[in-house]
Amino acid sequence: MKNILKILVTPILQKHWFADLIFAIMRFIAGMLLALSFGADKFGMPWTPDGQNLNLFEVSAWFPKDVAEYGGIFALMPVFFAWMGAFSEAVGGLFLAFGLKTRIASFLIMCTMLVAIFMQKWGQGTWGMLPAMGFLWLSIYNLYLGSGRFGLDHIITNKFLKS
């Protein structure tokens with residue numbers, strides 16, 4: 001189990017610290033945008049605007065209805081998929097921003113963005129898909145490389161998983 005955790009958490013470091021810093025800035029901005037805006041609009045977080053009328057970890061009533069319209073498996077379990085999508089944006093965005101469990105958060109964000117692109121945004125043209133596409137590309141990068149040296153995963157690896 002420790003080996004699997006080590007593989008999931010240990011980031012790949014760039015040759016120069018400056019490259020890791022640039023990637024960390026992009027990761028932080030994207031993660032905070034997901035958590036503070038995209039996720040909080042449909043998932044109850046402490047910073048969700050009062051006008052949304054959401055309790056903590058509650059999904060907006062409109063979101064499962066939208067998810068059900070995708071059809072297929074989404075129509076069978078719309079509340080589950082709505083909750084997973086909103087959770088991956090709100091909580092996964094925080095994890096991505098701070099480089100904590102970066103690969104797991106990136107995988108969840110990647111899945112959410114693929115669904116958003118192909119099931120929701122596809123007919124809206126490139127400009128309509130652009131935010132989801134940007135988050136998708138960033139999540140793919142972080143899925144492979146992890147947090148780099150400027151993330152909590154790097155601290156966890158150095159403190160607890162050295163063998």
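Trainee: At what angle do helix α5 and helix α6 pack?

Mentor: In this predicted model, helix α5 covers residues 78-98 and helix α6 covers residues 102-121. Two packed helices are described by the angle between their axes and by the distance between those axes. Here the axes lie 9 Å apart, and the packing angle is about 140°.

Trainee: How many charged residues does the contact of α5 with α6 have?

Mentor: On the α5 side the contact includes Met84, Gly85, Ser88 and Glu89, and on the α6 side it includes Ala105, Ile109 and Thr112. Divided by class, the contact has seven nonpolar and seven polar residues, and the number of charged residues is one.

Trainee: Which element gives the most residues to the lining of the largest pocket?

Mentor: The largest pocket has a volume of about 520 Å³ and is lined by 27 residues, with Phe63, Gly85, Glu89, Thr112 and Ala116 nearest its centre. Two or more lining residues come from each of α2, α3, α5, α6 and α7. By class, the lining holds 18 nonpolar, four polar and five charged residues. With eight residues, the element that gives the most is α6.

Trainee: Is leucine 13 buried, partly exposed or exposed?

Mentor: Leucine 13 sits in the loop between α1 and α2, and it touches Asp20, Gly148, Arg149 and His154, leaving aside residues up to four places away in sequence. Its relative accessible area is 38%. Buried requires under 20% and exposed over 50%, so leucine 13 is partly exposed.

Technical notes:
Residues are numbered from 1 along each chain as its sequence is written. This is a predicted model: local features need pLDDT of at least 70, side-chain atom pairs count only at pLDDT 80 or more; totals for chains, interfaces and linings use all residues. Side-chain values use heavy atoms; hydrogens and water are left out. Helices (H or I, at least four residues) and strands (E, at least two) are DSSP runs, numbered from the N terminus. Buried means under 20% relative accessible area, exposed over 50%, partly exposed in between (1.4 Å probe, protein chains only). Contact means heavy atoms within 4.5 Å. Axes are lines fitted to C-alpha atoms, for helices over the stretch in contact, and angles run from 0 to 180 degrees between N-to-C directions. Ala, Val, Leu, Ile, Met, Phe, Trp, Tyr, Cys and Pro count as nonpolar, Asp, Glu, Lys and Arg as charged, and the others, Gly among them, as polar. On a 1 Å grid over the protein atoms alone, a cavity is a set of points where a 1.4 Å probe fits but cannot get out, and a pocket is an open set with protein on both sides within 12 Å along at least five of seven lines; lining residues have an atom within 4 Å of a point. Grid points are joined across faces, edges and corners, and a volume is the space filled by probe spheres set on the points.
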